[in-house]
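Load the model and keep the selection tool at hand. The stops below can be taken in order.

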Amino acid sequence: MSLTVPAGTSLDPALVALYKDLHQHPELGFREHRTASLVAERLRALDIEATTGVGGTGVVAVIRNGPGPTALLRADMDALPVTEDTGLDYASTVTATGADGSVVGVAHACGHDLHTTCLLGAAQQLAGDLSSWSGTLVLVFQPAEELAAGAQAMVDDGLYDRFPRPDVVLGQHVSPLPAGKIAGHHGAAYAGSDSLRVRIVGKGAHGSMPQSSVDPVVMAAATVLRLQTIISREIPSTEVAVLTVGSIHAGQAANVIPGEAELQLNIRSYDDATRQHILDGVGRIVRAEAAAAGAPEDPTVTEFERFPVVVNDDDALARTFQAFGDWLGPDHLLDPGAGAGSEDVGILATSADAPLSFWLLGGSDPSLFTTGDLSDPALLKVPSNHSPKYAPVIDPTLSLGVTALVTAARAWLPARTA
Ligand SMILES: [Zn+2]
Ligand SMILES: [Zn+2]
């Protein structure tokens, strides 16, 4: 049995070609030069005013269409340092120099090429039908989502001084759900994420003379274990939070006690108080373990990446999903609960003090599923975002993604009557 797939708009061959082109030419965060110029070129061909270079490689387009509210539609454009293994005839073979100087494969393993293409498709439809709506549309093609930096870079570059400030921020992310399903969660929908670097300073010595050392390896080990007690002993069981030590480095030889150790931590949380409690706990434990060891120097804790919690506004999400329900029927809408993944789209909303409505767009082949709901066993089998095997199925995801954006925008922009 396969699922019924609702109708989007008909599949536009020019959009399919553009999608495949973007898919074959992925670019890492803040290097989306080719992508941005293709986006701007296409917008200008539609007679839409477009500005490039916003926050590095971001593109902003504005469609002013009379009185009414301002809706911001957002897509991200960056790819990941992943070597594609989808077997598709339009798979990426691109490589680039990664952050550490090594050569890495580059792929649109998170589907941002689909987001970009869908937003261009939505721009084409809405700009081609100006007599049916009024208000202002701001189209944001954001760089560097995967680096947790693109949204903030655009805001810092004057996004809301140079372009109209929105009354609502709307956006979507393609997901492994079957195409034809749209999912959204009210309130804290995606986790806040903090990545920290902890530098522990000890005193190096010959491996045979521990009495001359302050051993940072032992300090690091004790610190890692004690950090586990923040979630297990300090956070109430009703709160969801994660603390992972994903990297630990010290020394290079068995018979040398090194002078330093470095840990990298990732923290996931869903509210500010819990986040602050965990951050305070990390600082307290790192300092206390160093003090317990008699370290010659205080350790340092540096945050190098932060995604704030993505909070969907209750009324905004309800309004958007009412429109999706009218289009798709309620059976095609899901509430996946709060996700552990992270996104920087929330920065575009909080910086404008505007409500956010952000949803997941199903992108997997519907014929692989039986029920298509969250208990469908196929969900555990289909590749997920960031996998080298991840790529959404073009038909019908592309046309559904375009229609979703148009439907969401129209839920906010008043209809014109002749
Ligand atoms: Zn991603
Ligand atoms: Zn993504």
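The tour of this predicted model goes from a sheet and its helices to a zinc site and then to some backbone details.

**Stop 1: the sheet**

Select residues 192-201 and 260-269, which are strands β10 and β14; the two run antiparallel and are joined by 10 bridges. At one of the positions to look at, V201 stands opposite E260 of β14. Now extend the selection to the whole open sheet: its 4 strands follow the order β12-β14-β10-β15, with antiparallel pairing. The edges are taken by β12 (241-249) and β15 (300-307); each has a single partner strand, so one side of each is left without a neighbour in the sheet. From one strand to the next, the twist averages 20 degrees.

**Stop 2: the helices across the sheet**

**Stop 3: the zinc site**

Which atoms coordinate the zinc ion (ligand 2)? Show the side chains of C110, H112 and H173: the donors are SG of C110, NE2 of H112 and NE2 of H173, at 2.0 to 2.4 Å. Along the sequence, these donor residues have the spacing C-x1-H-x60-H. The two histidines link distant parts of the chain, with H112 in helix α3 (residues 112-127) and H173 in strand β7 (residues 168-178), 61 residues apart. Both H112 and H173 are buried. Next, display the zinc ion (ligand 1), which is 3.0 Å from the zinc ion (ligand 2); C110 coordinates both.

**Stop 4: backbone details**

Most residues other than glycine have a negative phi, and most peptide bonds are trans. The remaining selections depart from that pattern.

Go to A148, in the loop between β6 (135-142) and α4 (150-156). A148 is not a glycine, yet its phi is positive, about 60 degrees. Is A148 buried or exposed? Its relative accessibility is 10%, so A148 counts as buried.

Move on to H386, in the loop between β18 (356-364) and α10. H386 also has a positive phi, near 80 degrees. With a relative accessibility of 40%, H386 counts as partly exposed.

Finish at D395 and P396, where the peptide bond from D395 to P396 is cis, with omega near 20 degrees. P396 lies in helix α10 (residues 394-410).

Conventions
Residues numbered from 1 in each chain as written. Chains lettered and ligands numbered in written order. Predicted model: local features only at pLDDT ≥ 70, side-chain atom pairs only at ≥ 80, totals over all residues. Heavy atoms only, no water. Pairing = 2+ DSSP bridges. Axes fitted to C-alpha atoms, helices over the stretch in contact; angles between N-to-C directions. Donors = N, O, S within 2.8 Å, 3.2 Å for Na, K, Ca; no water. Buried < 20%, exposed > 50% of the residue type's maximum accessible area, 1.4 Å probe, protein only.
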